[in-house]
Amino acid sequence: MSEALTLAAETREQVGKGASRLLRREGRVPAVIYGNKQDPAAIHVEEKALYRLLMTGHFMNSVVMIEVDGQTVRTLPKDVAFDPVSDRPVHVDFLRISEHATVTVQVPVRFTDEAASPGIKRGGVLNVVRHELELIVDAAEIPDDVEVSLKGFDVGDSIHISSVTLPKGASSAIDDRDFTIATIVAPSALKSSEGGEADDAAA
């Protein structure tokens with residue numbers, strides 16, 4: 001389960017492009033906390049501290065506890081805007097949530113049991129269609145990742161969401177179709193050898 005992250009913040013007294021540019025020059029990143037039937041709160045956070053959380057690799061699917069004005073606000077990051085030139089974060093949106101709120105998050109997929117896949121053993125290549133799954137989960141039970149076993153899958157097989165055991169309490173946000181997560185495809189060498197065998201059999 002993803003651990004809650006902590007981020008210190010200060011209230012923004014002024015909003016607008018000019019005020020935001022001034023904050024960024026001071027090493028701060030403008031942000032807003034909204035949702036949970038409360039008024040939006042304009043804040044700013046230290047860029048270095050934010051960058052450290054972004055580098056964890058699971059910032060967008062972690063609860064972030066924001067400490068501002070002596071209070072701690074439970075949030076979920078919803079959007080981070082980056083400068084197109086410097087790639088520095090320039091604005092963050094946080095969704096205010098209750099402890100056991102039902103939230104929709106993107107959770108990374110982790111593939112396991114490659115050694116138990118006949119297709120991989122034969123030299124097949126795992127073609128990942130979805131690197132993340134959109135899940136509906138309890139905010140206090142957000143998983144770090146979703147394990148997808150490759151056991152028993154051969155060349156030409158597709159791995160669908162129906163064959164994946166989701167973490168307890170989690171469900172797929174896409175529930176109207178059995179979508180593909182990955183396929184095992186034959187490498188060109190395997191294709192050509194099997195093609196040659198087919199030609200020999202025909203002859």
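The model is predicted, so to speak of local features a pLDDT of at least 70 is needed, side-chain atom pairs count only at pLDDT 80 or more, and totals for chains, interfaces and linings use all residues. Residues are numbered from 1 along each chain as its sequence is written, and side-chain values use heavy atoms, with hydrogens and water left out.

Let's start with the rings. Searching the whole structure turns up one aromatic pair (Phe, Tyr or six-membered Trp rings with centres within 6.5 Å; planes under 30 degrees apart are stacked, over 60 edge-to-face, the rest tilted). F59 and F94 make up this edge-to-face pair, with 6.4 Å centre to centre and 80° between the planes. The pair links distant parts of the chain, 35 residues apart: F59 is in the loop between α2 (47-54) and β4 (64-68), and F94 is in strand β6 (residues 89-96). Helices (H or I, at least four residues) and strands (E, at least two) are DSSP runs, numbered from the N terminus.

Strand β6 also holds R96. The table gives relative accessibility, where buried means under 20%, exposed over 50% and partly exposed in between (1.4 Å probe, protein chains only).

| Residue | Relative accessibility | Class |
|---|---|---|
| F59 | 2% | buried |
| F94 | 0% | buried |
| R96 | 10% | buried |

What does R96 touch beyond its neighbours within four places in sequence? Its contacts (heavy atoms within 4.5 Å) include I33, Y34, D39 and V73. A polar atom of the R96 side chain lies 2.8 Å from the backbone oxygen of G35.

Elsewhere, the charged end of R130 sits over the ring of F179, 4.4 Å from its centre (CZ of Arg or NZ of Lys within 6 Å of the ring centre and within 35 degrees of the ring normal).

Key:
A polar contact is a pair of N or O atoms within 3.5 Å; within protein, one must be able to donate a hydrogen and the other to accept it, and residues adjacent in sequence count only if both atoms are side-chain atoms.
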